[in-house]
Amino acid sequence: MSKLNILEFPDARLRTVANKVKIFDKQLKKLVDDMAETMYHSNNGIGLAATQVNVHKRLLVMDFSEDHSHLLVYINPEITDQSGEQKREEGCLSVPGVYASVKRAEIITVKAQNVDGKSFEEDLDGLHAVCLQHEMDHLDGKLFVDYLSPLKRNMVRKKLEKQRRNAAQEVVF
């Protein structure tokens, strides 16, 4: 397994709409393993969409367990039903250090495929539902900062640019 580079806002590649996965092979399984490795070794990430690692396939991984023992994989996910509303504070590996409250559906039904191409359907709520909706947004070229006002989104962009400038100025011996 290898760790992949996570694209960061405002990288234009994050706006790419992902294509449906049609081939379920060893290469796809390796991508899933590499995405899981990347997620597990990144700032407390609980979800990662392929778009975030510059792979434009409809694939996402999640794991809410404390010990990283329950990897969830959703390939070609579709929300087939939703109800209610919840508002939660969200963060994103592609928008490091930024958190904002976002409205999402409270309960969703998702239809997807596993790494072998087998279809399944699940009813999700709470954090699981929020995370899936967040990661599915990535597959559609959308980020959680898109739910913010243009003023707040611009402030986020400037904050991240400043963080990158400061990191580039740090001298390592």
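**Figure 1. A patch of negative charge on the surface of the predicted model.** Asp-81, Glu-106, Glu-121, Asp-123 and Asp-125 gather in a patch of negative charge on the surface. Such patches are made of residues with over 30% relative accessible area and no salt bridge, like charges being joined within 9 Å. Accessible areas come from the Shrake-Rupley method with a 1.4 Å probe, and for residues only the protein chains shown count as cover. Asp and Glu count as negative and Lys and Arg as positive, whereas His and the chain ends are not counted; the place of a charge is taken as CG of Asp, CD of Glu, NZ of Lys or CZ of Arg. Strand β7 (residues 119-125) contributes the largest share of the patch, three residues. Helices (H or I, at least four residues) and strands (E, at least two) are DSSP runs, numbered from the N terminus. Glu-106 is found in the loop between β5 (95-104) and β6 (107-113). At 36% relative accessibility, Glu-106 counts as partly exposed; buried means under 20% relative accessible area, exposed over 50%, and partly exposed in between (1.4 Å probe, protein chains only).

This is a predicted model, in which local features need pLDDT of at least 70 and side-chain atom pairs count only at pLDDT 80 or more, while totals for chains, interfaces and linings use all residues. Residues are numbered from 1 along each chain as its sequence is written, and side-chain values use heavy atoms, with hydrogens and water left out.

**Figure 2. The salt bridge between Lys-29 and Asp-116****.** A search of the whole structure finds seven salt bridges, each defined as a side-chain nitrogen of Lys or Arg within 4 Å of a carboxyl oxygen of Asp or Glu. In this view, the side chains of Lys-29 and Asp-116 meet with an N to O distance of 2.9 Å. Lys-29 lies in helix α1 and Asp-116 in the loop between β6 and β7, so the pair ties together parts that are 87 residues apart in sequence. Lys-29 is partly exposed at 37% relative accessibility, whereas Asp-116 is exposed, with a relative accessible area of 53%.

Figure 3. Lys-30 is partly exposed, with a relative accessible area of 44%, while Asp-34 counts as buried at 6% relative accessibility.

**Figure 4. The salt bridge between Arg-104 and Asp-137****.** The side chains of Arg-104 and Asp-137 meet at 2.7 Å, N to O. This pair links distant parts of the chain, with Arg-104 in strand β5 and Asp-137 in helix α2, 33 residues apart. Arg-104 is buried, with a relative accessible area of 5%, and Asp-137 is buried, with a relative accessible area of 12%. Salt bridges that share partners join Glu-90, Arg-104 and Asp-137 into one network.

Figure 5. With a relative accessible area of 0%, His-138 is buried. Leaving aside residues up to four places away in sequence, His-138 touches Leu-14, Thr-16, Ala-49, Thr-51, Gln-52, Cys-92, Ser-94 and Leu-143, contact meaning heavy atoms within 4.5 Å.

**Figure 6. Backbone features at Pro-10****, Asn-54** **and His-68****.** A cis peptide bond joins Phe-9 and Pro-10, with omega about 15 degrees. Pro-10 is found in the segment before α1 (26-40). Asn-54 is not a glycine, yet has a positive phi of about 65 degrees. The loop between β1 (47-49) and β2 (59-62) holds Asn-54, which counts as partly exposed at 33% relative accessibility. His-68, likewise not a glycine, has a positive phi of about 55 degrees. His-68 is placed in the loop between β2 and β3 (72-83) and counts as partly exposed at 39% relative accessibility.

**Figure 7. The separation of Glu-37 and Leu-148****.** Glu-37 has its place in helix α1 and is partly exposed, with a relative accessible area of 22%. The C-alpha atoms of Glu-37 and Leu-148 are separated by 30 Å, the two residues being 111 residues apart along the chain.

Key: Patches are made of residues with over 30% relative accessible area and no salt bridge: like charges are joined within 9 Å, nonpolar side chains (Val, Leu, Ile, Met, Phe, Trp, Tyr) within 5 Å.
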